[in-house]
Amino acid sequence: MRSTFPILSLLIGAASAFRPSSLPSLRPASLSRLRTPAQNRRPSSNMLLRMQTPTLIEQQTKDDKAEVAEYFNTVGFDRWNKIYSESTEVNKVQLDIREGHQQTVDRVLQWLDQDRAGKPLTESVCDAGCGVGSLSLPLLERGASVYATDISAAMVEEAEARAKSLLVNGGHRRGRFETKDLESLGGSYDTVMCIDVMIHYPTEKMEEMVMKLASLADRRLIISFAPDTWYYSLLKKVGEFFPGPSKTTRAYLHEEGRVKAALAKAGFTVRRDHMTATNFYFSRLFEAVRQ
Ligand SMILES: C[S@@+](CC[C@H](N)C(=O)[O-])C[C@H]1O[C@@H](n2cnc3c(N)ncnc32)[C@H](O)[C@@H]1O
């Protein structure tokens, strides 16, 4: 059965983040708030059987993507735009997620800064699922050419607007912003980044997603995902006992070994890794390079 807590990109317990007034301070309760009433229906064993068929998996992925795009163009945009900013209109959970996400972004930048050793960043980067540009902007600032794309037009527009207003010396001109499903991306880039997006991909589609991203990367792939460990799985199950009405997207955890295997199949090997874990944000980060 696919999981259905809240949204985030790795935030697993953010449900509460979205409905501050209705949420107890316990993490399991917060997890539950991310489910819509429809998502709370338990599938029958018959349904579970049918869910195994490729056709259904494809349909499920289409539904997921349509849901994700709609969410990040509407209520999700408002929420995440605040989380990924300095807005004071966030509750404690959202603040925790903001801090966790910033740690992930900072770690990616730290790796790049170590490598460039004070020189400008001259590489081309594709930031797939760029959101509001939390990573694209500092990359542009450092000199990279960035192709920033997202399935949500609202997120991409915000990313471009931030680049124009925040980057000095025409840094935004090295950026190209486009609304695009990552599965339809083309071209080749020194580095492809995809941060906190895999949570929207079902297990069955994860390998395909990694292969697609790898096909665009000449040299390096930097990806993150919510790890499927006994602890986070338990947390998620506990959350499912507390259904709530908050409008969210489904969220999927991924086994680290399977992500590594998908990378190996695509010809990449993990060179650096990191785990960010705050109270409500969990993200495993890999930098993988061509073998
Ligand atoms: C939690 S946000 C992370 C944004 C950004 N990567 C960051 O770390 O700041 C997840 C983003 O993935 C985008 N997304 C989800 N599925 C996508 C897909 N198939 N193609 C492109 N973007 C996608 C969403 O619209 C959303 O902006």
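Select helix α6, residues 92-116: its 25 residues reach 36 Å from first C-alpha to last, close to the 36 Å expected at 1.5 Å a residue. The expected span is 1.5 Å times one less than the number of residues. Helices here are DSSP runs of H or I with at least four residues, strands are runs of E with at least two, and both are numbered from the N terminus.

This is a predicted model, in which local features need pLDDT of at least 70 and side-chain atom pairs count only at pLDDT 80 or more, while totals for chains, interfaces and linings use all residues. Residues are numbered from 1 along each chain as its sequence is written.

Stay on α6 and colour its buried residues: V93, Q94, D96, I97, R98, G100, H101, T104, V105, R107, V108 and L112. Buried means that 20 or more other C-beta atoms lie within 10 Å of a residue's own; 12 or fewer is exposed, in between is partly exposed, and C-beta atoms are placed from the backbone. An α-helix has 3.6 residues a turn, so residues three or four places apart point the same way. Step on to A117, which follows α6 and has a positive phi near 45°.

Most residues other than glycine have a negative phi. Two further exceptions sit in loops. Select N169, between α8 (153-166) and β3 (175-179); its phi is positive, about 55°. N169 counts as exposed because it has 7 C-beta neighbours inside 10 Å. Then go to D196, in the loop between β4 (189-194) and α9 (203-216). Phi of D196 is also positive, near 60°, but this residue is buried, with 26 other C-beta atoms within 10 Å.

Next, show α9 together with α11 (residues 256-265), which pack at about 40° with their axes 9 Å apart. Axes are lines fitted to C-alpha atoms, for helices over the stretch in contact, and angles run from 0 to 180 degrees between N-to-C directions. The angle makes α9 oblique to α11, a class left over once under 35 degrees is called roughly parallel, over 145 roughly antiparallel and 65 to 115 roughly perpendicular.

Select M206, E207, V210 and M211 of α9 with R258, V259, A262 and L263 of α11 to see the contact, for which C-beta atoms placed from the backbone must lie within 7 Å. These residues divide into 6 nonpolar, no polar and 2 charged. Nonpolar covers Ala, Val, Leu, Ile, Met, Phe, Trp, Tyr, Cys and Pro; charged covers Asp, Glu, Lys and Arg; the others, Gly among them, are polar.

Finally, zoom out to the whole chain, with 11 helices and 7 strands. Of its 291 residues, 46% count as buried.

Key. Two residues are in contact if their C-beta atoms, placed from the backbone, lie within 7 Å.
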